[in-house]
Amino acid sequence: MNESMATEHTAPTTIITECGSSSSDREALYLNSETSEYEFTAECIDAAAFCPAILERLERAALIDTRERLALTLVIQEALANAIEHGNLELESKWREEIDKNGEDKFSKLKRERLADERYSQRVARARVAYIPGRLEIVITDEGKGFKPQIKACLPKDHLQPSGRGLALIESTMNEVRFEQGGRSIVMVKHIGKQSD
Amino acid sequence: MAEDFATEIKGDKGYIKVNSDLDSETSGEALRRAFNQVFDQGKRTVVLDLTDVQIINSYGIGKVLMCYKRLKAENGCLMVKPLQGFVKETFELLMLDKLLPVEN
């Protein structure tokens with residue numbers, strides 16, 4: 001789902017503010033600071049495929065390349081999926097491995113139930129994407145119970161484990177990753193341009 | 001909604017051409033339907049063509065691994081066409097390239 005599609009999801013997905021939109025390549029060359037904020041409820045099941053337009057503008061301005069745009073898109077998708085599934089819907093990864101007698105895993109079953117329960121489904125995940133020259137900061141915040149974050153993400157030992165890769169993907173791209181608000185907020189920073197190393 | 005992914009049977013192999021990013025429930029479901037199509041035709045070697053895919057996220061990887069497990073349970077094999085770009089990087093980072101042989 002790109003940003004133009006996101007605006008169609010007026011109920012579950014709301015663009016709160018979007019500043020500094022540059023429609024032409026010429027303008028993009030002079031891209032200055034801008035901040036965009038978005039909201040997602042769990043009803044927007046494809047929020048994970050969201051891609052904010054700022055990333056395309058950064059690419060047009062040659063501040064990032066295509067590979068970096070894709071990597072940053074993936075970072076946002078992973079963090080949003082975590083915020084919605086683990087944060088707002090309070091679903092635990094280990095439940096994906098618990099299969100009932102009907103062949104359904106506990107994660108999917110509880111996800112379906114909680115999507116139908118307004119106490120969970122109406123919780124909001126917020127994405128804030130802020131660019132200032134040299135730095136892109138992405139903050140994803142949920143309304144769940146929070147968690148005690150691991151100091152360092154690691155890949156699952158079992159390659160076949162269906163979860164546990166999101167944080168590793170995020171850390172492979174971002175220069176800084178930290179949790180705030182008791183694990184309800186993840187702050188991710190990417191150095192852009194000459195300072196990216 | 002993602003359209004169905006094209007499938008093809010060649011000899012003892014089933015081929016799935018994934019024509020959208022694997023980053024959402026919609027595309028994940030399209031992969032599941034395509035996989036069932038070749039699996040139900042008795043094919044136990046399935047080749048995923050991810051040439052047109054730019055992004056695969058945790059959700060998409062979970063669906064790919066589901067296909068892998070179903071084949072493995074019946075001594076089958078999930079393969080991929082040669083990977084490229086960021087998808088290749090993602091597979092290497094997650095060490096999935098060790099799991100899924102490449103069909104050249």
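Predicted model: local features only at pLDDT ≥ 70, side-chain atom pairs only at ≥ 80, totals over all residues.
Reader: Among contacts in chain B between residues at least 6 apart in sequence, what share joins residues at least 24 apart?
Author: Residues are numbered from 1 along each chain as its sequence is written, and chains are lettered from A and ligands numbered from 1 in the order in which they are written. A contact means heavy atoms within 4.5 Å. Of the chain B contacts you're asking about, the share joining residues at least 24 apart is 69%.

Reader: Which pattern does chain B follow along the sequence?
Author: Helices (H or I, at least four residues) and strands (E, at least two) are DSSP runs, numbered from the N terminus. Chain B has three helices and four strands. Read along the sequence, they come out as β-β-α-β-α-β-α.

Reader: What is the radius of gyration of chain B?
Author: This radius is taken over C-alpha atoms, and the globule rule to hold it against is 2.2 Å times the number of residues to the power 0.38. For 104 residues that rule gives 13 Å, and chain B comes close to it, so it's as compact as a globular protein of that length. The radius itself is 12 Å.

Reader: How much of chain B counts as buried?
Author: Buried means under 20% relative accessible area, exposed means over 50%, and partly exposed is in between (1.4 Å probe, protein chains only). Of the 104 residues in chain B, the buried share is 50%.

Reader: Is B:Thr90 buried or exposed?
Author: You'll find B:Thr90 in helix α3 of chain B. Leaving aside residues up to four places away in sequence, B:Thr90 touches A:Leu74, A:Leu169, B:Ile56 and B:Ile61. Its relative accessibility is 2%, so B:Thr90 counts as buried.

Reader: What is the phi of B:Met95, roughly?
Author: B:Met95 sits in the segment after α3 (85-93) of chain B. With a relative accessible area of 34%, B:Met95 is partly exposed. It's not a glycine, yet its phi is positive, at about 60°.

Reader: Where in chain A is A:Ala62 found?
Author: A:Ala62 has a positive phi near 60° in a residue other than glycine. A:Ala62 is also exposed, with a relative accessible area of 64%. Its spot is the loop between α3 (53-60) and α4 (66-88) of chain A.

Methods
Heavy atoms only, no water.
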